[in-house]
Amino acid sequence: MVTERSSAEPSMRERILDVALDLFIANGYDGTSLREIAEQLGVTKAALYYHFESKDDILMALHMRLHALGRTALAQLSGGGKVTAARWRSLLDALLAEMLNQRKIFLLHERNQAAFEKLHREDHEAEHDDIQDMFRKVLADQAISLRDRVKMAASVGAVFGTMFLFGDAFRDEDDDKVAKLVRTNLDNILGD
């Protein structure tokens, strides 16, 4: 008899990523071995290799979680309707909430910059280019005033800049307080 896995139960691939994320943050990418990841999960290294060819592939998969945030946000904009500063603000608010939920990803990047710099793959660069091109397309829309487009571009920097520095710089700060301050900054940037 085949039993279905609960939708709340993460897949083995996601469990590997979650454990690796915690270990890469705590011990650094270079200080974490596949053996340690496997031991933490209670599986063999062979089980890891079934899902990922290398430790680099695990790191790249974790990085792609960050890309997913940008793609999801931009998909909301491309869903139709005129892009306005108010709609942009709503999008960034939702993006900020999701980024706070994924705070560990930003901490991973902050603490393992050298490892990420070593990871250069064409598919990864193409993914960066696609996301940047989507943002540029929205910001180049002549139907939106130049004033609003500049505000929109600055607001992206306010959110992403804060989140990329959020990890260690604000580690002792309450997420809700930081989020409230970022939202206030968004209002100041996007307001009249």
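Which residues is phenylalanine 24 in contact with, leaving aside its neighbours within four places in sequence? In this predicted model, the partners of phenylalanine 24 are Tyr29, Thr32, Ile37, Lys55, Ile58, Leu59, Leu62, Leu108 and Asn112.

The largest nonpolar core holds 55 residues. Phe24, Ile37, Ile58, Leu62 and Trp88 touch the most other members. Helix α4, residues 55-77, gives the most to this core. Its share is 10 residues.

How far can the coordinates be trusted? The mean pLDDT of the protein is 84. Of its residues, 90% reach 70 or more. Residues 1-6 fall below 50. Beyond near neighbours in sequence, that stretch has two contacts in the model. Where pLDDT is low, predicted coordinates should not be read in detail.

Now turn to the charged side chains. Side chains of opposite charge can pair when their charged atoms come close. A search of the whole structure finds nine salt bridges.

Start with helix α2, residues 34-41. Here the side chains of glutamate 39 and arginine 35 form a salt bridge, at 2.9 Å from N to O. Why are these two separated by about one helical turn? Because they sit four residues apart in helix α2. Arginine 35 is partly exposed, with a relative accessible area of 45%.

Arginine 103 and aspartate 175 meet through their side chains in a salt bridge of 2.4 Å, N to O. Arginine 103 lies in helix α6 (residues 103-111) and aspartate 175 in helix α10 (residues 175-190), so the pair ties together parts that are 72 residues apart in sequence. Aspartate 175 is partly exposed at 25%.

Helix α8, residues 122-139, holds another pair. Aspartate 133 forms a salt bridge with arginine 136, and their closest N and O atoms are 3.3 Å apart. The two are three residues apart in this helix, so about one helical turn separates them. Aspartate 133 counts as partly exposed, at 44% relative accessibility. Arginine 136 also counts as partly exposed, at 49%.

Some salt bridges share partners. Which residues do they join into one network? The members are Arg89, Asp93, Arg183 and Asp187.

Definitions and conventions
Residues numbered from 1 in each chain as written. Predicted model: local features only at pLDDT ≥ 70, side-chain atom pairs only at ≥ 80, totals over all residues. Heavy atoms only, no water. Core = buried A, V, L, I, M, F, W, Y, C linked by side-chain atoms within 4.5 Å. Buried < 20%, exposed > 50% of the residue type's maximum accessible area, 1.4 Å probe, protein only. Contact = heavy atoms within 4.5 Å. pLDDT = per-residue confidence, 0-100. Salt bridge = Lys/Arg side-chain N within 4 Å of Asp/Glu carboxyl O.
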